[in-house]
Amino acid sequence: MPSIPLLTAVVLAATLTPVTAAADDPPVLGSPAHAQPTGAGWGTAHPRHLYNGGDPSGEVAHLVWKRWGRHATTGRGVTWLLRPEGGYYARPGRIVLRADRLGACADGSVAYTRLRFRVAHRPGGPVGSHWRRWAGDGDIC
């Protein structure tokens with residue numbers, strides 16, 4: 001009879017291990033398909049670099065995240081800033097990102113599905129107070 005409890009324990013352990021491992025995986029930022037084929041950083045946990053694959057203002061570098069894995073996370077980094085008269089400043093400026101709406105993307109990954117940002121108006125200047133949606137609607141899945 002000791003083999004039945006042992007067999008039950010082995011089967012139960014084998015069944016629960018993948019669920020526990022998946023629950024320990026941190027959420028990712030959106031879908032890896034977001035901004036493809038030239039995007040970067042999407043579908044990864046706490047990326048240090050993001051890129052939409054378009055103009056320079058769609059690139060964020062030197063990102064440092066706080067509270068990753070909670071219902072919302074905030075990242076700070078630098079991006080290329082548009083000049084009022086056109087073109088970009090020669091130096092990057094500050095940007096703050098806020099990712100939230102933890103959910104599942106179409107590929108099934110647990111992800112932050114919405115991204116918003118605040119950006120400085122000039123290099124060395126303070127970050128603005130108005131939150132804007134990333135990529136128009138904020139949906140990064």
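Student: How many nonpolar, polar and charged residues are in the lining of the largest pocket?

Tutor: In this predicted model, the lining has nine nonpolar residues (Ala, Val, Leu, Ile, Met, Phe, Trp, Tyr, Cys or Pro), together with six polar and two charged (Asp, Glu, Lys or Arg) ones. Rolling a probe the size of a water molecule over the atoms shows where empty space is left. A pocket is an open set of points on a 1 Å grid where a 1.4 Å probe fits, with protein on both sides within 12 Å along at least five of seven lines, and lining residues have an atom within 4 Å of a point.

Student: How much space lies in the largest pocket, and which residues are closest to its centre?

Tutor: The largest pocket holds about 280 Å³, and of its 17 lining residues, Ser57, Trp80, Leu82, Phe117 and Val119 are the closest to the centre.

Student: Which members of the largest nonpolar core touch the most others?

Tutor: Such a core joins buried (under 20% relative accessible area, 1.4 Å probe) residues of nonpolar kinds, Ala, Val, Leu, Ile, Met, Phe, Trp, Tyr and Cys, through side-chain atoms within 4.5 Å. Here it has 18 residues, among which Leu29, Leu50, Leu97, Leu115 and Trp134 touch the most other members. Strands (DSSP E runs of at least two residues) S3 (59-66), S5 (93-104) and S6 (110-119) each supply at least two of the core residues, and the largest share, four, comes from S6.

Student: What does Leu115 touch?

Tutor: Leaving aside residues up to four places away in sequence, Leu115 has contacts (heavy atoms within 4.5 Å) that include Leu29, Trp42, Arg98 and Ile140.

Student: How are the numbers and cut-offs set?

Tutor: Residues are numbered from 1 along each chain as its sequence is written, and side-chain values use heavy atoms, with hydrogens and water left out. Local features need pLDDT of at least 70 and side-chain atom pairs count only at pLDDT 80 or more, whereas totals for chains, interfaces and linings use all residues.

Methods:
Buried means under 20% relative accessible area, exposed over 50%, partly exposed in between (1.4 Å probe, protein chains only). Grid points are joined across faces, edges and corners, and a volume is the space filled by probe spheres set on the points.
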